[in-house]
Amino acid sequence: MKSPDRLLIVDDVPDNLFLVRTILEEEGYEIITLSNGQDALKIIETEPPDLILLDVMMPVMDGYEVTRRVRAMKDLPFIPILLITAYDRANAVKGLDLGADEFIRKPIEADELLARVRSLLRLKHSIAERDRIDRQRQDFVSRLTHDLRTPLVAADRMLGLLQDGVLGEISPEICEALKIMGRSNSNLLEMVNKLLDVYRYESGSKTINLQSLDLKELLDQVVQELKPIAISKNLELIADLEDICLVKGDRLELLRVFNNLIGNALKFTESGSVHVSLKSDRSEAIIAIADTGTGVPLEEQPFLFQRFSQGNHQKQGSGLGLYLSHYIVNAHDGKILVKSPNQGSQKGSTFFVHLPIIKP
């Protein structure tokens, strides 16, 4: 059996508390009454109610301040706030701007109060159900991704054994087929690993191992590893790396970011060059990866770092690489940006990564 909704009523006038409580108790709601904002905030933080009915005019801490502080509590579930006010509409609008969801004017009429309470509770339950479904979906995808990884790793190792002839000699035709299967399996395994990391970052369960890093050495390693791709496509891969102060970061995670950004630049550039630069100012290192590819259309740029955003390019990937890179850079207190004029003779895109440097 579903438990009744818990409503918190906050008003410093006992007669007002009694009136509102009487009206709402007849509807079967569980009622909590308090006479000041400080006590209300303690209850809201420890035992969040389903709805808050809040008088605007109270001593010490008025309804506006209570509303502002409630909305500043980021770990709270969504709780609708209904302001009860004798003020004019302009003052009620101030409360809505601070985060209240609805207001009702004094003197209170029972029918209007009940209608507004029912409306806000419907909103509360709708959002709670949406969040519950979203959590279930994320949990399902996370578990599915984790379970998919095991057979994919096993298949990858078995294909490697077959290609190496460990299980017997194979013909050149079968060897070629196994190579194609191996590449497909590796691509799928990479996507599964990315998806698993995405959900770890989103759930807050991903930990990063921060240590002092030489960005020049790290970027040079990535550039050297990706040079064969540039050579195979007849592209120039240029590195212009300054010696800078150290940054504090997770080496493997930052390697993943720059492998993804430089790899994408090579992937989406058919002719010309990819230029990787490292510069610094007093507080941060600035890494720029510029290419002469087709660029990113202006209308796609605001959505580029969203999950599964792939753009309209013919060479689409999983849509997870930039999203994951965005999470990793944010975890390092940095930021990642894109600039792609895509106008006139200007071609290509430049991705910027800003990372705080360790001050001497």
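Does Tyr-327 count as buried, partly exposed or exposed? I found that Tyr-327 counts as partly exposed at 25% relative accessibility, where buried means under 20% relative accessible area, exposed over 50% and partly exposed in between (1.4 Å probe, protein chains only). I note that this is a predicted model, in which local features need pLDDT of at least 70 and side-chain atom pairs count only at pLDDT 80 or more, while totals for chains, interfaces and linings use all residues. Residues are numbered from 1 along each chain as its sequence is written, and side-chain values use heavy atoms, with hydrogens and water left out.

I then searched the whole structure for aromatic pairs and found one, taking rings of Phe, Tyr and Trp (its six-membered ring) as paired if their centres lie within 6.5 Å, with planes under 30 degrees apart stacked, over 60 edge-to-face and the rest tilted. Tyr-323 and Tyr-327 form this pair edge-to-face, at 5.3 Å centre to centre and 85° between the planes. Because they are four residues apart in helix 9 (residues 321-331), about one helical turn separates them; Tyr-323 is buried, at a relative accessible area of 10%.

Strand 4 (residues 81-85) pairs with strand 5 over four bridges, and Ile-84 stands opposite Ile-104 in strand 5.

Key. Two strands pair if DSSP finds at least two bridges between them. Helices (H or I, at least four residues) and strands (E, at least two) are DSSP runs, numbered from the N terminus.
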